[in-house]
Structures are given as C-alpha cells and as structure tokens.
Amino acid sequence: MATRPRQPLKAMYEIIDDWKALFARPRTELSAEQATGLFGELTVLARLLAIDPSCHHIWTGPEGSPQDFSSPFGAIEVKASTMTDGRRMRIHGLDQLDAPAGGDLYLAWFRLEEHAEHGTTLAELFATVLEAADDKSAIRRKVRELGLPSTTDPTWNTVRFAITEERSYCVDDGFPRLSQAALVAAGIAIQVTGVEYTVDLSNDLAAPATAASVERHYQRMVGGPA
C-alpha cells in the first residue's frame with residue numbers, strides 16, 4: 001500500500017500552486033535589472049532559510065516594505081549589480097535606508113558576472129530556496145506578488161550568474177544616505193516624495209561589516225537578539 005503523505009493538505013496546496021504557475025497568464029520577460037535584483041534577494045533568502053526554514057515571512061519586499069527583509073529584530077536591504085567597476089547602489093525612497101525601531105539595518109551588496117561558465121540560473125537558485133523552506137507555497141506566492149514571469153517561464157533559465165564580490169554594511173549614522181530626518185535637519189520640507197539617489201561606495205567611504213557581525217545579524221533577524 002502506498003505511503004500517505006505526512007502533511008497531505010500542505011502537499012495538495014503545493015500541487016495547486018504548481019498548476020496555477022503552469023497556466024498563469026504569460027508576462028513579459030524578466031528585465032536585466034529584475035534578474036540581478038531577484039538573484040541578490042534569493043541569495044540572501046537562501047542563507048536565512050538555512051538558519052530557520054520557517055523564516056519566509058521576513059521576506060517583506062514583495063509586500064511593499066521599504067526593505068527586502070524585515071523582522072522585529074532588524075532589516076536587510078539587498079542590492080546587486082553586474083557593473084565591472086565601482087560600488088554604486090541605487091536607493092529608492094527616503095525610508096529605504098532607515099533602520100527599524102527594533103534593530104539594525106544591513107545593506108547587502110553583490111557584484112554579479114553574467115553568463116559565467118560555472119554560474120547559477122535563477123531557476124536553480126529558486127529550487128535551492130524551495131528545498132530549504134518548510135512552506136514552499138508561501139515562497140511561490142511571494143514571487144507571484146513581485147509581478148514577475150512564472151517560475152516555469154524559460155527566462156528563469158536564460159542567464160547564469162556568479163557572485164564575484166559581496167559586501168555588507170551596517171547602515172548607521174556614519175553611512176552616506178538621505179532620510180526624512182536629514183532633510184528636516186537641513187530645513188527641507190518633508191513633503192518631498194519620490195526621491196531616488198545613488199550611494200557610491202567605490203572609495204570605501206563606509207567600512208564593510210565583518211563576516212561575524214553579518215552572521216550575528218542574520219541570526220537576530222530570524223530568532224531574536226543573539
């Protein structure tokens with residue numbers, strides 16, 4: 001007699017999600033900017049899920065949060081680029097680099113190389129994320145909320161990326177950024193909206209965080225104060 005699934009309801013929802021993705025209305029192909037940004041986010045998500053397979057809920061970017069990952073204990077904003085020189089990051093809004101009241105904000109930055117011989121496709125990285133997560137349906141829903149092509153679309157296998165450099169920064173008072181508080185201090189009305197600007201860290205204006213401090217931050221993000 002066949003063995004019954006340990007979680008039949010969960011298995012049923014995953015099958016339904018697969019069929020929804022298969023018959024979803026076709027969307028436009030992933031743009032280069034979307035592909036690099038998503039690769040960075042999925043990379044961080046995979047690392048967080050390796051600590052806690054249930055932490056999918058802190059991936060808040062798809063829900064419109066200012067930062068890509070947010071919990072009561074901190075936040076992470078992710079930036080990725082295929083530029084071969086410099087460390088320039090496009091910031092969207094005056095609140096994207098505002099630390100949450102409950103903890104620190106870290107900015108994770110990745111330099112990616114396209115068409116790398118030993119790189120990873122978005123489809124392969126997404127499969128790694130699903131394998132690590134204990135709620136695959138929730139992960140699939142979040143991807144749909146981003147308004148991207150279905151994960152069954154060929155564009156998820158079009159480009160391979162390899163991470164050639166990565167840095168993380170603790171966004172503290174010394175980090176170069178704009179914020180509503182800074183504008184108020186400068187006498188500029190806070191009615192200013194739709195602000196986008198570039199932070200250039202090519203000349204090491206901000207020191208990168210150590211691997212140990214980044215690991216502690218990831219631990220705090222999923223489980224509370226270390």
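Buried denotes a relative accessible area under 20%, exposed over 50%, and partly exposed in between (1.4 Å probe, protein chains only). These legends describe a predicted model, in which local features need pLDDT of at least 70, side-chain atom pairs count only at pLDDT 80 or more, and totals for chains, interfaces and linings use all residues. Residues are numbered from 1 along each chain as its sequence is written, and side-chain values use heavy atoms, with hydrogens and water left out.

**View 1. Overall fold of the protein chain.** The protein chain holds six helices and seven strands; helices (H or I, at least four residues) and strands (E, at least two) are DSSP runs numbered from the N terminus. Along the sequence the pattern reads α-α-β-β-β-β-β-α-α-β-α-β-α. Of the 226 residues in the protein chain, 42% are buried.

View 2. Within helix H4 (residues 136–145), the buried residues are Ser137, Ala138, Ile139, Arg140, Lys142 and Val143.

View 3. His56 sits in the loop between helix H2 (32–51) and strand E1 (69–71). His56 counts as buried because its relative accessibility is 13%. Apart from neighbours within four places in sequence, His56 is in contact (heavy atoms within 4.5 Å) with Leu49, Asp134, Asp135, Ala138, Ile139 and Lys142. Among these partners, Ala138, Ile139 and Lys142 are buried residues of H4.

**View 4. The five-stranded sheet.** Five strands make up an open sheet with mixed pairing, in the order E1-E2-E4-E6-E5; two strands pair if DSSP finds at least two bridges between them. E1 and strand E5 (120–121) are at the edges with a single partner strand each, so one side of each has no neighbour in the sheet. The pairing of E5 with strand E6 (residues 160–170) is antiparallel and spans two bridges. Thr121 is opposite Arg160 in E6.

**View 5. Helix H6 across the sheet.** Helix H6 (residues 211–223) lies across E1, strand E2 (74–81), strand E4 (104–114) and E6. H6 runs at about 125° to E2, where axes are lines fitted to C-alpha atoms, for helices over the stretch in contact, and angles run from 0 to 180 degrees between N-to-C directions.

**View 6. Surroundings of Ser179.** Ser179 is located in the loop between E6 and helix H5 (180–185). With a relative accessible area of 9%, Ser179 is buried. Leaving out neighbours within four places in sequence, Ser179 is in contact with Leu94 and Asp98.
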